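Dear colleague,

My notes on what was found follow after it.

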Amino acid sequence: MTTSNNHTKQQLTPTQRSQIKRKSKRGNYETQVIYNILDEALICHVGFTVNNQPFVIPTAYGRINDKLYIHGSPASRMLRTLTKGIEVCVTVTVLDGLVLARSAFHHSMNYRSVVIFGTATLINDPEEKFVALQAFTEHVIPQRWQQIRQPNKQELQGTMVLSLPLTEASAKIRTGNPIDDQPDYDLPVWAGVLPLQTVAGKPIADERLIEGVEIPDYVENYVRNYNI
Ligand SMILES: Cc1cc2nc3c(=O)[nH]c(=O)nc-3n(C[C@H](O)[C@H](O)[C@H](O)COP(=O)(O)OP(=O)(O)OC[C@H]3O[C@@H](n4cnc5c(N)ncnc54)[C@H](O)[C@@H]3O)c2cc1C
């Protein structure tokens, strides 16, 4: 286990590959910080190699405690490859803003990101699979699971679910203003931060919606930036 207690905050211990070297002050190994980023972001990118060829595949995910779950069709190359126990690197990013400096060189972005290393495990136990799919749905849209038809036996069998331990991971966070070169602060160029966030548009009802079905609050008032 690579967790340790530091001032009551659970921290992951950096490994050779998860140790942040560049701008290390932006690094964070606190599990709660990592979990908050994972819970807010919607998609991850799964990196793995097959015969020396790297692939980086975007996909959705869910989290329960110290496990990240990804799912999909058994026909997915990504999922089939990961069941072989190969090393995987998963990244997750929340983009918080554009950092506009006075020089091109110092333009940047404000972000919260996570990089996870490990090997995935195929979930065969139907109960764990069910709970993982629930977490998956609730991650994308909280309160949805209780309202929808939940997966039946056949659907569960036709869905591959993999779990990845959140034991070797790092977060990196940039906040604040641009950092310009001293002489550039005298330039008459607007500089600052343009905040960005994921905002839901107006919901579009399906044409085949049966009469009298109201739009749920959790759809109408969907927000994503709940951990800032
Ligand atoms: C939205 C966004 C935009 C960015 N734009 C740029 C850019 O234009 N140019 C640029 O050079 N960098 C950019 N970064 C930072 C980039 O992610 C790397 O942190 C940086 O390039 C250093 O890479 P490295 O391989 O030298 O890091 P190292 O410090 O050598 O990486 C060592 C280990 O640190 C951890 N780590 C590194 N980066 C991250 C991260 N972002 N999040 C979590 N853990 C991490 C990983 O475990 C990694 O294996 C951006 C990041 C984000 C999220």
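A nonpolar core is a set of buried Ala, Val, Leu, Ile, Met, Phe, Trp, Tyr and Cys residues joined through C-beta atoms within 7 Å. A residue is buried if 20 or more other C-beta atoms lie within 10 Å of its own, exposed if 12 or fewer, and partly exposed in between, with C-beta atoms placed from the backbone.

This is a predicted model, in which local features need pLDDT of at least 70 and side-chain atom pairs count only at pLDDT 80 or more, while totals for chains, interfaces and linings use all residues. Residues are numbered from 1 along each chain as its sequence is written.

The core. The largest nonpolar core has 34 residues, and Leu68 and Leu162 have the most contacts inside it. Beyond residues up to four places away in sequence, leucine 68 touches Leu38, Tyr61, Arg63, Val90, Ile116, Ser163, Leu164 and Leu166; two residues are in contact if their C-beta atoms, placed from the backbone, lie within 7 Å. In soluble globular proteins, nonpolar side chains tend to be buried together.

The strands. Helices (H or I, at least four residues) and strands (E, at least two) are DSSP runs, numbered from the N terminus. Strand β11 (residues 160-165) is mostly covered, with five of its six residues buried. Strand β7 (residues 67-72) runs antiparallel to β11 and is joined to it by six bridges; two strands pair if DSSP finds at least two bridges between them. Strand β10 (residues 121-122) is also antiparallel to β11, through two bridges. Leucine 162 in β11 stands opposite isoleucine 70 and is the bridge partner of leucine 122.

Two further leucines. Leucine 133, found in helix α3 (residues 126-140), is buried because 21 other C-beta atoms lie within 10 Å. Not counting residues up to four places away in sequence, leucine 133 touches His71, Pro151, Thr159 and Val161. Leucine 42 lies in the loop between α1 (31-40) and β4 (43-50), and is partly exposed because 13 other C-beta atoms lie within 10 Å.

Yours sincerely
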